[in-house]
Structure formats: structure tokens, C-alpha cells
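Hello,

Here is the structure I promised to pass on to you. Have a look at it first, and then read my notes below.

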Amino acid sequence: KLGNATAKAELGRATWKYFHTVMARFPEKPTEDQQEALRSYIHLFARLYPCGECAEHFQQHLTKYPPQVSSRKVAAGWGCFIHNEVNAMLDKPEFDCTNLGAFYDCGCAEDEEGEGE
Ligand code: FAD
């Protein structure tokens, strides 16, 4: 029942890094298909998250605050907001979402000019 808090936190940090980087690379003007891809991805991500208790909580957050996928800015803002919901639940400090900027850099600037999918 105790589980392994260190492993759970490590998985969380790695996942959040990846999660926010996905949002930061989402197209600025996504097609309907790209929007649907992100929406279903987030729901499947929540279902399949390896920590069962976390997955359950996160799915509840998604029901309350469905993914916002109309643009990169909107998706990144939503991702920051939903992470803050988890932060609040865990009594962690709130992250200032106006400071997102280039915080999540994929290191792939060379294809930034393309559609960035
Ligand atoms: P993390 O929350 O892992 O954040 C990592 C870094 O991201 C921070 O240091 C900061 O630089 C940045 N950051 C912080 N907030 C934001 C934000 N709002 N937007 C953008 N960047 C931000 N743990 C549990 O114990 N119970 C759970 O139910 C649970 N559910 C989870 C659900 C999901 C989907 C995920 C990915 C993780 C979950 N976790 C859960 C793990 C938990 O959220 C943390 O990842 C873990 O506790 C480590 O926390 P941390 O303080 O190192 O920072």
C-alpha cells in the first residue's frame, strides 16, 4: 500500500516534462484532425498512466476540465492549468503559467519553421 514514493515522483517529473513539451510543440493552428489527435491522446494518456491512483485522479480532472486543443497556446495553457490542479491536490506550489514561455524546449528548433507536428 505504501508503494514507492521516490519512483512515483520520478515518473511524474519525467512525464510532466514530456507532457508539457508535447503541448509546446503542438501546431499553432492545428487542423481538426490534429485537434482530435491531441484530445484522444490526452484521454488515452490518462487511462494508461502507469500509477493507477494517479490515473484515476487525472481522469477525474479531465472530466471536470476537458482538454483544450484549439491552438498551441491554448493547449499549453490548459496543460499548465491541469498540472496546477494536480499540484493543488498534492499541496505543491502553483506554477505561474504566464512564465511557460520557452520553459519546455524540445531541442528540435531546426524544424520549428514547419508545421511542428
Ligand atoms: P512536478 O509536479 O513533477 O513538476 C516538475 C516540474 O514541472 C516542476 O519542478 C516545475 O518546474 C514544473 N511545473 C510545475 N507545475 C507546473 C505547471 N502547472 N505547468 C508547467 N510546469 C510545471 N503523484 C501523487 O502522489 N498522486 C497522484 O495522484 C499523482 N497524479 C499524477 C498524475 C499525472 C498525470 C502525473 C504526470 C503525475 C502525477 N503525480 C501524482 C506525480 C506528481 O504530479 C509529481 O510529478 C511528483 O510528486 C513530483 O513532484 P515535483 O514536486 O518534483 O514536481
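**What I found**

Let me start with Asp91: this residue counts as exposed, because it has 6 C-beta neighbours inside 10 Å. (Buried stands for 20 or more other C-beta atoms within 10 Å of a residue's own, exposed for 12 or fewer, and partly exposed for anything in between, with C-beta atoms placed from the backbone.) Asp91 sits in the segment after H4, and its phi is near 60°, a positive value in a residue other than glycine.

Before going on, please note that this is a predicted model, in which local features need pLDDT of at least 70 and side-chain atom pairs count only at pLDDT 80 or more, while totals for chains, interfaces and linings use all residues. Residues are numbered from 1 along each chain as its sequence is written.

**The overall picture**

The protein has 4 helices and 0 strands, and from the N terminus on its elements run α-α-α-α. Helices here are DSSP runs of H or I with at least four residues, strands are runs of E with at least two, and both are numbered from the N terminus. The radius of gyration is 15 Å, close to the 13 Å that the globule rule gives for 117 residues, so the protein is as compact as a globular protein of that length. (That radius is taken over C-alpha atoms, and the rule is 2.2 Å times the number of residues to the power 0.38.) Along the principal axes, the C-alpha atoms fill a box of roughly 50 × 25 × 20 Å. Of the 117 residues, 14% count as buried.

**Two helices side by side**

How are H2 and H3 arranged? Helix H2 (residues 32-48) and helix H3 (residues 52-64) pack at an angle of about 150°, and their axes are 7 Å apart. The axes are lines fitted to C-alpha atoms, for helices over the stretch in contact, and angles run from 0 to 180 degrees between N-to-C directions. H2 brings Ile42, His43, Ala46 and Arg47 to the contact, and H3 brings Ala55, Phe58, Gln59 and Leu62. Contact means that the C-beta atoms of two residues, placed from the backbone, lie within 7 Å. By class, this contact has 5 nonpolar, 2 polar and 1 charged residues. (Ala, Val, Leu, Ile, Met, Phe, Trp, Tyr, Cys and Pro count as nonpolar, Asp, Glu, Lys and Arg as charged, and the others, Gly among them, as polar.)

Trp16 is found in helix H1 and counts as partly exposed, because it has 16 C-beta neighbours inside 10 Å. Trp16 and His83 are 67 residues apart in sequence and 8.0 Å apart in space, C-alpha to C-alpha.

His20 also lies in helix H1, and with 19 C-beta neighbours inside 10 Å it counts as partly exposed. Leaving aside neighbours within four places in sequence, His20 is in contact with Gly79 and Tyr104.

Best wishes
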